[in-house]
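Visitor: I'd like to learn how to read strand pairing in a model like this one. Can you walk me through it?

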Amino acid sequence: MPNASKIAVSTRIFALALLAASIPMLLLPETAFADDSIWVRSKGKGQMIYKELPKGDRIPDFSHAGYMGGGVAIPDVPVKKTLIPSGADDTASIQEALDEIGKMDLVNGARGALLLAPGVFHCSKTIVLQHSGVVLRGSGSMSTILELTGPPHLGLSARGANDVQTVGSPVPIVDDYVPAGSSSFRVKDPSAFGAGDAIQIIRPVTDAWIRFMGMHDLKRNGKKQTWVSGDIRTERVINRISGNTVYVDVPLTDSFDSEYLGVEGTKVVKVIRSGLISQVGIENLRLIAPPQKISLNQPQYSAITMRGAVDSWLRDIEVVDTTNGVSVGEGTKRVTVERVSVIQNVAIVGGAKPADFAVSGSQVLFNRCSGKGDATFYFATQAKVQGPNVILNCTFHGNGRIQPHQRWATGLLIDSCNLPDGGIDLQNRGEMGSGHGWSIGWSVAWNNKAQSFVIQQPPGSMNWSIGNRGEERKIPMPTFGSPKQTETLPQGIVESPGKPVQPNSLYLEQLLRRLGSQALKNIGY
């Protein structure tokens with residue numbers, strides 16, 4: 001156990017920090033007498049009052065993020081098989097046991113858990129969870145260790161097929177403007193839709209919108225960069241239809257302005273997904289890799305990815321020295337990542353940085369997670385991600401940043417997080433990367449602590465900094481090879497800088513008002 005013994009002391013010390021980080025910030029004395037936010041406040045039983053921008057846009061309801069749509073306890077799935085370490089390569093035996101459980105009957109959505117006994121399991125290849133209702137469970141993050149061996153590779157993958165089939169022809173939205181935070185919109189002809197249908201709202205990426213956003217002339221070293229192309233798709237489920245008004249299950253996290261969306265404009269189409277897996281979990285283990293002082297263009301270890309999975313979870317996991325950490329990717333929905341820590345003992349070299357946590361899915365809750373290391377993005381969104389997604393009560397140590405990464409994500413809440421040496425940025429990344437440009441809109445940093453905040457206002461959109469403690473910075477758009485920008489970009493809305501506001505946690509308050517106090521107890525609050 002050479003790697004395990006080397007990190008044992010440092011991880012136990014870090015575990016104490018994780019314990020402190022797990023205490024909800026809403027209980028801290030300094031927040032006891034905070035003023036109400038003017039943008040979101042509670043009124044009476046089950047009511048929230050939202051201040052709107054001139055076109056009706058408002059802060060979205062983020063409480064739909066998390067396992068089963070928020071406020072539902074993660075289940076303890078019964079153990080069906082147990083493995084002990086072999087002392088050799090355990091990849092095949094773990095994979096065979098998971099696949100064997102995957103053939104068992106579903107009972108209330110679950111098939112069973114594979115329990116890994118205490119000890120070190122050596123894994124030379126990726127282990128895949130590909131069946132619904134299957135859980136990979138260790139005996140504790142200080143007891144069960146998956147040690148990645150052999151050439152750099154991904155450690156664990158939970159993945160479904162995520163096939164999407166459209167049903168019928170797209171139907172235009174007839175509203176001139178649909179505000180962010182809305183739960184309804186009008187369509188030209190609702191006859192193709194019914195309650196319970198899954199739909200995609202298709203927003204075309206037009207030249208007019210790209211120019212409006214100031215993203216039409218991105219260059220790097222003289223070469224044109226493409227910011228966003230194709231369509232941006234938001235998936236929702238229809239709750240009900242009244243006349244030609246469609247009401248959806250989760251509020252929208254983007255606005256739709258017909259002025260910039262072309263002749264055909266935004267459309268809605270019914271979809272059927274197949275191949276998704278559900279009720280899949282990875283929990284109670286530690287995953288370690290050999291430390292590598294490398295750049296991102298070299299082969300690298302990664303910890304965990306989840307793709308094409310719904311109503312699933314990752315919890316009580318410690319990741320050590322994989323270059324990239326946890327990625328909750330495309331096709332994921334209603335997922336909780338809870339008490340997962342990523343420790344990087346060796347910083348990356350070169351300009352590009354890895355991500356400890358990354359999201360491409362929707363309704364994903366990162367709860368009481370943590371990170372430790374330098375030269376990293378603690379959290380990043382990928383291209384065209386439509387929320388709501390939430391980072392709640394997380395703590396990160398080192399000079400990294402929470403920074404939505406590229407190409408117009410929307411609907412991220414960073415709530416009650418602590419970055420004593422790092423920063424939180426909702427910004428235009430300009431010519432960084434391959435032309436990441438405006439990385440995020442309609443997002444909120446709420447009651448956080450950090451060294452610095454960069455909260456910028458995209459054209460036609462908004463980001464909010466509310467109740468945050470740390471320097472509020474104004475910076476220009478980054479350029480590489482183009483004339484250096486000197487004019488700072490417009491700042492988003494900054495309320496109560498240096499002093500927290502009520503409610504102490506926006507996510508928990510929204511969840512409380514939507515589902516009641518039992519929903520908070522179900523997720524440990």
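Visitor: How many bridges link E5 and E8, and do they run parallel or antiparallel?

Guide: Keep in mind that this is a predicted model. Strand E8, residues 134–137, pairs with E5 in the parallel sense, over four bridges.

Visitor: Which strand pairs with E5 over four bridges besides that, and in what sense?

Guide: That's E4, residues 79–83, and E4 and E5 are paired in the parallel sense over four bridges. Here you can look at Lys81, which sits opposite Leu114 of E5.

Visitor: What kind of unit do E4, H2 and E5 make?

Guide: A right-handed β-α-β unit, with helix H2 covering residues 91–102.

Visitor: How many residues of E5 are buried?

Guide: A general idea to start: in a regular strand, side chains alternate between the two faces of the sheet. As for E5, which spans residues 112–116, four of its five residues are buried, so with buried meaning under 20% relative accessible area, the strand counts as mostly covered.

Visitor: And how many residues of E28 are buried?

Guide: Six of six, across residues 362–367, so E28 is mostly covered by that under 20% cut-off.

Visitor: Which strands pair with E28?

Guide: E26, residues 333–343, runs parallel to E28 and is joined to it by five bridges. Val337 has Phe366 of E28 as its bridge partner. E31, residues 386–392, also pairs with E28 in the parallel sense, over four bridges. There, Asn367 stands opposite Leu392 of E31.

Technical notes:
Residues numbered from 1 in each chain as written. Predicted model: local features only at pLDDT ≥ 70, side-chain atom pairs only at ≥ 80, totals over all residues. Heavy atoms only, no water. Buried < 20%, exposed > 50% of the residue type's maximum accessible area, 1.4 Å probe, protein only. Helix = DSSP H or I, 4+ residues; strand = E, 2+ residues; numbered from the N terminus. Pairing = 2+ DSSP bridges. Right-handed = clockwise from strand over helix to strand, strands pointing away.
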